[in-house]
Amino acid sequence: MEVMRYRKGSPYDKRRLVKRAVTRSKENPPWRQLTHEWSYGLISAHQNSMYYTDKIRSLQNIFGIQDIELLDKTLRVGSKRYPIVDDVIILDPPEDSSGAFAEDIQYTFGAEWQEHGAILPEHAAEFAQYFDVVDLPSLKEARVCDLGCGSGRWSYFLKDRCRELVLVDFSEAIHVARQNLRGSHRCIFFKGDITRLPFATDFADFILCLGVLHHLPIPCLDAVRGLKKYAPRLLIFLYYALDNRPFYFRILLALVTTVRTMLAHIRSPLFRTLFSFMGTLFIYYPLIIIGALLNPFGLGRYVPLYEFYRHKGFRRIQQDVYDRFFTRIEQRVSRAQILELKSDFAEVRISDHIPYWHFLLLR
Ligand SMILES: C[S@@+](CC[C@H](N)C(=O)[O-])C[C@H]1O[C@@H](n2cnc3c(N)ncnc32)[C@H](O)[C@@H]1O
């Protein structure tokens, strides 16, 4: 049967599907799709709901409802119907009126992860840095949920370390994540807004939400509190307020913020690629070199960007430059502010190591 489906000339012939997807993407380039379409993914050469046939029980747990049925290209949950596109379940589109949705943020990350979606060698070390506060073996039997998963780069390293992975993102990035996790059959993909999840209380055993909530148009620590009901353990990364750095780091940040607010509305892919290339070459690399020269004297950490980027390649840095300069909303929190979460969680465990600040919350 499988052989028949992919037979040359058949509607499922892989070459035909890829060609059709490429033609579609030329006729309807990603930046146009990103602004106008919610449910259709760029990489949707393969569309059906077969992928979920053995995941009905998990979906019942996640939605907290037994009445779930898999129809052709659709998941019915009670009276609601969610389309399935390229194995991604499309939840309700974000609501403009809610105040918690920023269309430009959705756009920019869709574009960023389509351009920088590859899993790179340096991601393995970064994964270990984020998870220094987590007992990884304890995730073996867990349903782990990656909220705002982007390209799925951290889920990629979790896929063989947990029972099941649920990935959620509201941008086209979710289709990139689906591609990056093609080899794993333990994943469930949702395109949806993490501030309006139709999921049950405690649908997950562990949530990671790394580098997401500081891009919301609502206070990021309130957003953290909003996730509390979904899992007993949460790993969060929020940009730090440079509160453990010398004053000139904050002056530099003010400068970067001015440039960022001017650039964030530019959507030209060519401009973005060129700027992130130049930024890597003429801003990040010089600072990394200065840091490397001063590091033997114990002064590396006094040079902005050096600590985090010293072992990273050009492509990895370029992705971060793109991220830093084309994202309009960026909130920052101090260690002291994070500790205020103690009033809502039984334990707040902030890592002393980069990236600052990442922390584990226990309910
Ligand atoms: C900086 S990226 C981080 C991606 C991923 N967590 C990582 O560290 O590689 C932020 C991601 O959050 C997603 N995001 C932001 N706001 C969201 C929302 N309200 N609902 C769902 N995803 C959101 C963006 O689309 C983007 O992919």
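I began with the rule for patches: they are made of residues with over 30% relative accessible area and no salt bridge, with like charges joined within 9 Å and nonpolar side chains (Val, Leu, Ile, Met, Phe, Trp, Tyr) within 5 Å. A salt bridge here is a side-chain nitrogen of Lys or Arg within 4 Å of a carboxyl oxygen of Asp or Glu. Accessible areas come from the Shrake-Rupley method with a 1.4 Å probe, and for residues only the protein chains shown count as cover.

I noted that this is a predicted model, where local features need pLDDT of at least 70 and side-chain atom pairs pLDDT 80 or more, while totals for chains, interfaces and linings use all residues. Residues are numbered from 1 along each chain as its sequence is written, and side-chain values use heavy atoms, leaving out hydrogens and water.

**Entry: the surface patch**

I found a nonpolar patch on the surface formed by F247, Y248, I251, I289, I290, L293, L294, F297, L299 and Y302, with about 1000 Å² of accessible area together. Helix 10 (247-263) and helix 11 (269-294) each supply at least two of its residues; helices (H or I, at least four residues) and strands (E, at least two) are DSSP runs numbered from the N terminus. Helix 11 gives the most, with four residues.

I then checked L299, which sits in the loop between helix 11 and helix 12 (306-309). L299 is partly exposed, because its relative accessible area is 36%, and the class runs between buried (under 20%) and exposed (over 50%), with a 1.4 Å probe and protein chains only.

Back in helix 11, I looked up T273, which is partly exposed at 28% relative accessible area. Its C-alpha atom is 8.6 Å from that of Q318, 45 residues away along the chain.

Is V144 buried or exposed? V144, in strand 5 (residues 143-147), is buried, because its relative accessible area is 0%. V144 and R233 are 89 residues apart in sequence and 9.8 Å apart in space, C-alpha to C-alpha.

**Entry: cavities**

I searched the whole structure and got two cavities of 30 Å³ or more. A cavity is a set of points on a 1 Å grid over the protein atoms alone where a 1.4 Å probe fits but cannot get out, and lining residues have an atom within 4 Å of a point.

The second largest cavity holds about 40 Å³ of space. I listed its lining as D104, I105, Y107, T108, A264, R267, R272, F326 and R328. Helix 5 (residues 103-115) provides the largest share of that lining, four residues.

Notes: On a 1 Å grid over the protein atoms alone, a cavity is a set of points where a 1.4 Å probe fits but cannot get out, and a pocket is an open set with protein on both sides within 12 Å along at least five of seven lines; lining residues have an atom within 4 Å of a point. Grid points are joined across faces, edges and corners, and a volume is the space filled by probe spheres set on the points.
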